[in-house]
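Morning, everyone. I'd like to walk you through one structure today. Please have a look at the sequence and the model first.

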Amino acid sequence: MRALDLTAISAGHAVAMLCGLISLCGVPASASAEGLQPLNDVALSSVTGRDGLSFDLSNFSLSGDARYTYYAPSPSTASAYIGSPYLSRSDDTASEFADPYRLAVVKGAPGMADVISLSNPLNANGLKRWQAAFDWGVNADGIAFEGGSAVFKDAVFYGGGMQWTTPQRGEGIAFGLALRADIGNILLRPRGRDDITQAEPASVAEQMNIRGVKIGAVDSNGNFLNTPWRIADVATQPGIFNAVTDAGGNPRLHVGIDWPDASGAALGGLQIDNVSFRSDITGNLDLGSSRIGSIQIQYLDIKVRP
């Protein structure tokens, strides 16, 4: 990776980022010093009693004109970018501090390094919902391609989280990932994001709509267990993120998941209620639903060439 290019961020965006950091501690960004209130013993006791940091993202939102560009190493002139990010979350006001994010450093397996663990809220009521959007594009072989916008509506995460530590062999970052999520819509809009509060606004001429996405752990018969799918585990089946060099001396970005231990790889499932295409040129196309009853990642090895 040669360079990361950030466009200038205005003073207004800087203030918005500061407000986001304040929200990270569970304090609404609009609160003044005089408006802060002490927490009672019940609220405090719900987030204490263990090492680490507990926090919520009350009233969290982020938006701006920033663009993040990846430039391929020389002699290539290719690049890719994502820009104009938007991210917001609705709150479960009844359990903000009773169901927080938890960041902790825990002991690793015998003889191994400690592990940084980030646990998501259990979100039993499903009220903590994320909305996201970004623009994207690539420039390669003299062709600049503006890909349009990707929009995620009503993404709900139930528990799970990530773990990070040093790998057992070599360099890089070893990680664990557990995921249980319901996503209302994944929208790909090649002509721009338009109204992201709606899945099918009349003003959108072209889009791909992936509706009703469900990801989570399943049993041996493919039935959802309503628990996170352990995609990678730092102790039993670690993931790896690092840079490697092939026999010809060419650098590669590497993402992988190791072989599982004797207990085997965890089972996960993927369900999509509907996939449809909308176009004012070719007409609409409905592909119906899709379901993968059982997914098991035994080994994954991806090397990205510049």
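The protein has two helices and 19 strands. Both kinds of element are DSSP runs, numbered from the N terminus: helices are H or I with at least four residues, strands are E with at least two. A word on the source: this is a predicted model, where local features need pLDDT of at least 70, side-chain atom pairs count only at pLDDT 80 or more, and totals for chains, interfaces and linings use all residues. Residues are numbered from 1 along each chain as its sequence is written, and side-chain values use heavy atoms, with hydrogens and water left out.

Now the overall figures. Of the 306 residues in the protein, 34% are buried. Buried means under 20% relative accessible area, exposed means over 50%, and partly exposed is in between (1.4 Å probe, protein chains only). The accessible surface comes to about 17,600 Å². Carbon and sulfur atoms account for 59% of that surface. These areas come from the Shrake-Rupley method with a 1.4 Å probe, and for residues only the protein chains shown count as cover. Next, contacts, meaning heavy atoms within 4.5 Å. Take those between residues at least 6 apart in sequence: 65% of them join residues at least 24 apart.

Let's go inside. Which residues touch the most other members of the largest nonpolar core? They are Leu57, Trp130, Ile210, Val213 and Trp229, out of 20 residues in that core. Strands S12 (181-189), S13 (206-217), S14 (229-232) and S17 (268-279) each supply at least two residues of this core. S13 gives the largest share, four residues. A nonpolar core here is a set of buried Ala, Val, Leu, Ile, Met, Phe, Trp, Tyr and Cys residues joined through side-chain atoms within 4.5 Å.

Stay with Trp229 for a moment. Leave aside its neighbours within four places in sequence. Its contacts then include Leu177, Ile215, Ala266 and Ile297.

Next, aromatic pairs. A search of the whole structure finds five. In one, the ring centres of Phe60 and Trp130 are 5.8 Å apart and the planes sit at 65°, so this pair is edge-to-face. The rule: rings of Phe, Tyr and Trp (its six-membered ring) pair if their centres lie within 6.5 Å; planes under 30 degrees apart are stacked, over 60 edge-to-face, and the rest tilted. This pair links distant parts of the chain, 70 residues apart. Phe60 is in the loop between strand S2 (53-55) and strand S3 (61-63), and Trp130 is in strand S8. Buried or exposed? Phe60 is buried at 13% relative accessible area, and Trp130 is buried at 14%.

Ala150 is buried, at 5% relative accessible area. Beyond its neighbours within four places in sequence, Ala150 contacts Ala132, Ala133, Phe134, Leu187 and Leu188. Its C-alpha atom is separated by 9.7 Å from that of Met208, 58 residues apart along the chain.

On to charges. Side chains of opposite charge can pair when their charged atoms come close. How many salt bridges does the structure hold? There are 12. Each is a side-chain nitrogen of Lys or Arg within 4 Å of a carboxyl oxygen of Asp or Glu. Asp56 and Arg89 form one, at 3.4 Å, N to O. Asp56 lies in the loop between S2 and S3 and Arg89 in strand S5 (residues 79-89), so the pair ties together parts 33 residues apart in sequence. Asp56 is buried, at 1% relative accessibility. Arg89 is buried too, at 6%.

Asp182 and Lys214 meet at 3.8 Å, N to O. Asp182 is in strand S12 and Lys214 in strand S13, so this pair ties together parts 32 residues apart in sequence. Here Asp182 is partly exposed at 22%, while Lys214 is buried at 19%.

Then Lys303 and Asp301, at 2.9 Å, N to O. Lys303 is partly exposed at 46%, and Asp301 is partly exposed at 38%. Salt bridges that share partners also join Asp56, Arg89, Asp91 and Lys128 into one network.

Last, the surface. Tyr68, Ile82, Trp136, Val138, Ile143 and Phe145 make a nonpolar patch of about 530 Å². Patches are made of residues with over 30% relative accessible area and no salt bridge; like charges are joined within 9 Å, nonpolar side chains (Val, Leu, Ile, Met, Phe, Trp, Tyr) within 5 Å. Strands S8 (129-140) and S9 (143-157) each supply at least two of the patch residues. Tyr68 is in strand S4 (residues 67-71), and is partly exposed at 35% relative accessibility.
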